[in-house]
Amino acid sequence: MDIKENISLKAYNTFGIDAKASMFVEYDTEKGLQQLLESGLLHNNPFLVLGGGSNMVFANDYNGVIVHPANKGVITERECNTPCANDFNGYDCSALSEDKVLVEVAAGEVWSDFAWAMTRKGYYGLENLVEIPGSVGAAPVQNVGAYGVEAKDVIAYVAAYEIATGDKKIFTNKECKFGYRDSIFKNELKNKYIVVSVCFMLSKTANAKTNYSALSKVLSEKGIATPTPLHIAECIAEIRGEKLPNPKDVGSAGSFFKNPIVTHSQLEEIQQNYPDVVSYPAGDKYKLAAGWLIEKCGWKGRTLGNAGVYPKQALVLFNNGGCTGAEVVALANAIEADVESRFGVRLEKEAIIIN
Ligand code: EPU
């Protein structure tokens, strides 16, 4: 096991923040992860599992072990109408219909590469989720989502190692306790397991999710009535390209805040002063568009130090050149304070601040 010391994390976080880690370990096989767990290194030191680093802001140098999963590739792929042996970790797919296909992929794989690869094979399921930065292993942890689909809709199970014992456990979709940008791995099992692979249940027959208004608009403009997965993915890439920064050019962590959930009476109160507030029903509550709230507070396109609010999408904070994590946190706090004083709503960060 190769432990690097005192290395810059600039290339390992999409914000491009130049923080240092006192220790850094990477593995590219499941065996490598087992060896890391056997070594006890994670029992004696603070640690952080850093996938694509697309949702993290390093406010300071990290004094501990950065664990970087680099195990890649599809492990197994199988159509569900064939008898199931134990090569899917014992997952019982007998109840699944014949048009389903199960694909298990290593946690260190680049999420978008995998989503595009499945889409190009003609499988439905991941086409709305192309171009999301990050790794496959991080997807279930925060239940990534975009354009009407969330990872939870297509995850069959998650395989993960318990750090304390080194034992492997399979978490069924239900056991992952998925919520909006949330799962068991962010709550009761936080820092207790490391995801090694994720198994997706995709579909070979048409199963397109095109309700999201921006998506249905682009599809109809292109005259596509019965879209293939590739059609959808190409439209999504186009929509994202118009609103979101290209991670290759501009450092960011995607949506920096979650869209806040409010009660009906809170919404009514806001509507009294702001009848055009953007909201969507969410169960018996309402989800507000955080981007709208931030824009209304006048933050869209503004900078504070070297951190800025993206001019085309106020939910995204970005690196305006050499910004530090502390500058990002200062900007985020200023936005939160303004939104709270104007709307009485406390924004919650989607990005994780590492102190
Ligand atoms: N809006 C504004 N001003 C802005 C941005 C948005 O007024 O600057 C309003 C618009 O009215 C728009 C509405 O907010 O109609 C919703 O905006 P959008 O469709 O862009 O979605 P979002 O709520 O801002 C969420 C996800 C994104 C995901 C998009 C598309 C969260 C926190 N963010 O953003 O996820 O791509 O929907 O599904 O739920 C990410 O998590 O990194 C991410 C980019």
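Predicted model: local features only at pLDDT ≥ 70, side-chain atom pairs only at ≥ 80, totals over all residues.
Residues are numbered from 1 along each chain as its sequence is written. Local features need pLDDT of at least 70, side-chain atom pairs count only at pLDDT 80 or more, totals for chains, interfaces and linings use all residues, and side-chain values use heavy atoms, with hydrogens and water left out.

The ligand is surrounded by 24 residues (a heavy atom within 4 Å of the ligand), and the closest are Tyr 147, Tyr 180, Tyr 212, Glu 295 and Ala 314. By residue type, this shell divides into 11 nonpolar, 6 polar and 7 charged (Ala, Val, Leu, Ile, Met, Phe, Trp, Tyr, Cys and Pro are nonpolar; Asp, Glu, Lys and Arg are charged; the others, Gly among them, are polar). Helix H8 (290-296) is among the elements giving two or more residues to the shell, and its share, 3 residues, is the largest (helices are DSSP runs of H or I with at least four residues, numbered from the N terminus).

A backbone N or O atom of Ser 255 lies 2.8 Å from a ligand oxygen, and a polar side-chain atom of Asn 259 lies 2.8 Å from a ligand oxygen. For Glu 350, the distance from a polar side-chain atom to an oxygen of the ligand is 3.0 Å.

Turning to Lys 204, this residue touches Glu 79, Glu 98, Asp 99, Lys 100, Val 101, Tyr 123 and Tyr 124, leaving aside residues up to four places away in sequence (contact means heavy atoms within 4.5 Å). Lys 204 and Phe 343 are 139 residues apart in sequence and 45 Å apart in space, C-alpha to C-alpha.

Methods: Polar contact = N/O pair within 3.5 Å; in protein donor to acceptor, adjacent residues only side chain to side chain.
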